[in-house]
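Subject: Structure handover

Hi there,

Here is the structure I promised to pass on to you.

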Amino acid sequence: MQPSSLFPDDPTRRPKRLQAGIISRISLLNFMCHSNLEIEFGDLVNFITGQNGSGKSAILTALCVAFGCRARGTQRANTLKDFIKSGCSYALVQVEIKNQGEDAFKHELYGDIIIVERRITESAGGNIALKNSQGRKIGSKREDLREIVEYFNIDVENPCTIMSQDKSREFLHSGNGKDKFKFFFKATLLQQVDDLLQGISKQLHDANGLVSHLEDSLRPAKKELDELQDKIKNMEAMEKISQQVQSLREKLAWSWVYDADRKLDAQHKLIEKLKGRIPSCQAKIDQKHHMMEELNDRLATKKNEISSMMERTSEVRRMKEDLQESLSMAAKEQFELTGERDRINRQIAKMSQQVRSLERQIQESHEQYVKNTQAEENEMEERVRELQNEADEANANILRLKEEEDNMMQRITTVENEIQQISHQIEDVEQSNREFSSRIREIQMHQRNKVTAFGGGRVTHLLQVIERNQHKFSMPPIGPIGAHVQLEHGDMWAIAIENAVGRLLNTFIVTNHNDSRILRACAREANYNHLPIIVHDFRRPRINIPRLMLPQTNHPTALSVLHTDNSTVLNVLIDSGNAERQVLVKDYEVGKAVTFDQRIPNLKEVYTSDGYKMFYRSSAQTILPPNKNIRAGRLSGSFDDQIKYLEREASESNLKAQQGRGQKRAKEEELMDLRNILNNVKRRRITLDRQFMSKKFELNDAKNLLSSEANAAHDSNLDELHQDISKLQDEIREKEALLAKIQDRVNEAGTKAKNLKMSLENLCDSAKSEMDALEKAENELMTIEGDLKEAERERKHYEGIMHTKVLADLKNAEAEYRELEHSCQESRRKASIIIPESEIDVGFVKESNPEKLSAELTRSTEKLKREGQRYPESIDDLRMLHEKKKRKISRKLDTYKAFQEKLEACEKALNLRRSKFQRNATLLKRQLTWQFNGHLKKKGISGQIKVSYEEQTLSVEVKMPQDASSSSVRDTSGLSGGERSFSTLCFALALHEMTEAPFRAMDEFDVFMDAVSRKISLDALVDFALAQGSQWIFITPHDISMVKNDERIKKQQMAAPRG
């Protein structure tokens, strides 16, 4: 049999009583249900009993609050001010801790008692005050309290230190293995150690990141060091190039000297050659000068000869000129008189013809008069009647043609109207076709870039300007709105949504008016005039509309078919567009029923899928037809379907246009035929009009002729004709007399001209020989003058060659020779300064080309200059800088290696501690099973605790006495309530043995126990508490009379709660 107590009361085996860290007194003021409560505790075991509601659990809550636990950690309130008693403004918790013995905390500062005071107010939360035994305030910081708590190892959140009422019920009643594991893991401080190890692991990970960052920071320095090394190598190469440049300069200096010597020799040879050309050129000049002298003598002789000849022929010339002038005047007079004679002859012939005509008229008039008889008069009357009938018939035909012409005009007007109507229809169809094409291009552009559907190309330009000026905005603008929303069932509701909120889709949203001004400036820069802008606070949360404020209908609203992830866009659609009150219906009849018949509350407008808008205002029913100019489908995702539909419409439109053009051509041909017919009718009518007027005039003449007096007219006409004949005969006689005079003058002028011509011919024959000799002399003179000019030109040519070519070239050559000589001397002087001639390879330099040397020097100099621009520093500075950076990097590398070694040591230590942690965890698991079995033996029960650190589960298995004959082991879930509570209590005591604390408290630990189990449990708890030696506080609502009496056990009864 086992002893009746696991912890026998043997004074020699009693543990040393703690004198530091235990609770001696707790005072509560206005805390929870207590107005003023003060309890003193014994050093070992304390029992506090009382009815439910008497405030027992408030004592443990006050302990938790006093030692720094948060309100939520107590599981009794959310904030500290919730602990203030109702009707009070503050609460006060004061805990006195013994501070005696060798384990005392700063005894010289606090004394034998440490007072922890926590004052809770409505506004300030909880203020901490730490006082010594005399009541003097020592500290008020949370760090001071944490120092005391950590020193005494007071962990109020550890269920083995303070097991509150809720934790007791949860622990004793829960059968969950994970909850038991958490209790075990936290009670044994394994969780704290694991958290510390994880924290250290995270710090090591961060330290590794810093070391990696240090390593990354070293890479640019190493790269820079390598670049400096490359620069130094390049600078060494530059020094070689500089030496080559200096050598090339020396060679080039003497190369120019030797080249100047060669040019000087060549120039001397050129001068000698030019001097040899002077005698030959001067000989040619002298030859031409002698020729000019001979020609001048011949010219003077010939001029004298011509002068004497001209004196002899000058009189003949004067006489010839006089005869020629007289002959010209005579011929002119003869020509004029002949013309006058011919004109008078034509006048006489015309007058004679007129006389003969008048005589024929007299004869015909006489014959006509004789023929006028009574028969002719009858014939004239018959003729008048015939002409009258013809005129009447012509008039009737004219009226008929006019009527036909009017009918044709009406038909032409009708056809023209039809053609005009067809033309209008064709224009409408072509306009529709252009609109279809434009719409297809727009949709294709929208398909490539959705944003262009809400402002065209201007909006993309505007977005680019906004992106460039984004730093000016307090918050980036949102827009256009249409780019931020999606439409459900776009094929059905596209037109309805465009009617409902289409005006908002192009709008931009800004958060304040300053951003609005900036956005307006951006729009002007992007040439986007009249940009719609809405100012809306971006910080406003998403609007949540209650269902009671929405239209009570099964039909969707504009807001329900529009979706957006942007809360600001949704708020604007609600605030500015009333999208939540706009109902969408399928057709016209349903829309009328919803709008006017059902009278739905919160309904503003109804839109049909085909574009009708309906609303009810002040008892007035309004229906607006679809807007033909609206651009639907901007929010629709099926762009391909829209394009195919528009292409079909465009094809049908083209077919209609072709049919209309065919009809128009047919009507135009018909109109042309009608106009041709009308022109024929007009021509026939005009011809009949002329015939009618002719007949009418002829009829009038006939009537006048019939009624006139023929005899009187006949006599009068004859007298007039005789007078005209007499007058013409007198004029003919006058003209014939004048013609005879003019003929005499013509004959005289002809005789005079003939005589003058004969005299001129005789004079020309007599002076011909002298004139021929003079002409020959003049020709010879002209030849001599030409030869003289040619000789003078050639002389001037050779003189020009002498001055401009020979002498000028010689002068230039001599001047160039002097310049070359001076340049050669100067080059030699400069070259001698650069390097003496004796120090160069004369043979190599003389054979070298200075141009090639100069080009090579230029290339080397440019290369040296480029390298010098790349590396402006001197090579010594670079070497010093390289050494400095190398030392600096070496220090950093040493630091990096030291950090790396320390990190490796820390990681090694961490791994060692983890292995120790795992070993300790295994040992604690075994120790827990031993301690658990030791407590179970009190009732003759054995058990086993299985802990899985991988799955974080803990299971308790017990073997009851009645199962001794069998090997079956039952889980605690199969035990009775009392047995399960006792086994759980044994599990808790086993944990208590594995933890250290100056005091422990348990609230309602004996729930779900029967009387026997409670008696055994209480005895076990008291024996355990007395044997352990630490302070224990047990709180229970049950009777504790069964607990043995002992001077080390203090029992206190709480007052009953007030009704």
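Below is what turned up, starting with the overall picture and moving on to details.

This is a predicted model, in which local features need pLDDT of at least 70 and side-chain atom pairs count only at pLDDT 80 or more, while totals for chains, interfaces and linings use all residues. Residues are numbered from 1 along each chain as its sequence is written, and side-chain values use heavy atoms, with hydrogens and water left out.

**Overall**

The protein has 22 helices and 22 strands; helices (H or I, at least four residues) and strands (E, at least two) are DSSP runs, numbered from the N terminus. Of its 1059 residues, 38% are buried. For burial I used these classes: buried is under 20% relative accessible area, exposed is over 50%, and partly exposed is in between (1.4 Å probe, protein chains only). Taking contacts (heavy atoms within 4.5 Å) between residues at least 6 apart in sequence, 75% join residues at least 24 apart.

**Cores and the sheet**

A nonpolar core here is a set of buried Ala, Val, Leu, Ile, Met, Phe, Trp, Tyr and Cys residues joined through side-chain atoms within 4.5 Å. The largest one has 49 residues, and Phe-47, Phe-184, Leu-928, Phe-932, Leu-954 and Phe-987 have the most contacts inside it. Helix α20 (residues 875–936) gives the largest share of this core, with 9 residues. There is also a second, separate core of 46 residues, including Leu-63, Phe-67, Ala-77 and Ile-162.

Phe-47 also leads us to a sheet, as Phe-47 stands opposite Lys-1051 in β22. Strand β3 (residues 45–49) and β22 pair in the parallel sense over 5 bridges; two strands pair if DSSP finds at least two bridges between them. The open sheet has 5 strands in the order β8-β20-β21-β3-β22, with parallel pairing. Its edge strands, β8 (162–163) and β22 (1049–1053), each pair on one side only.

**Salt bridges**

How many salt bridges does the structure hold? The count is 17, where a salt bridge is a side-chain nitrogen of Lys or Arg within 4 Å of a carboxyl oxygen of Asp or Glu.

- Lys-106 and Glu-147 meet through their side chains at 3.3 Å, N to O. Lys-106 is in the loop between β4 and α2 and Glu-147 in helix α3 (residues 142–152), so the pair ties together parts that are 41 residues apart in sequence. Lys-106 is partly exposed at 33% relative accessibility, and Glu-147 is partly exposed at 35%.
- Glu-605 and Lys-613 form a salt bridge at 3.7 Å, N to O. Glu-605 is buried, with a relative accessible area of 8%, whereas Lys-613 is partly exposed at 23%.
- Asp-1046 and Arg-1048 form a salt bridge, with their closest N and O atoms 3.2 Å apart. Arg-1048 is buried at 9% relative accessibility.
- Arg-25, Glu-38, Glu-40 and Glu-96 are linked in a network of salt bridges.

**Backbone details**

Lys-106 comes up again here: its phi is near 45°, a positive value in a residue other than glycine. Asn-527 is not a glycine either, yet has a positive phi of about 60°. Asn-527 lies in the loop between α11 (513–525) and β11 (533–535) and is exposed, at 55% relative accessibility.

A cis peptide bond joins Gly-479 and Pro-480, with omega about -10°. Pro-480 is in the loop between α9 (457–468) and β9 (486–487).

**Cysteines**

A search of the whole structure for disulfides (cysteine sulfur atoms within 2.5 Å) finds 0. For Cys-64, the nearest cysteine sulfur is that of Cys-69, 5.2 Å away. Cys-64 is buried, with a relative accessible area of 9%, while Cys-88 is partly exposed at 25%.
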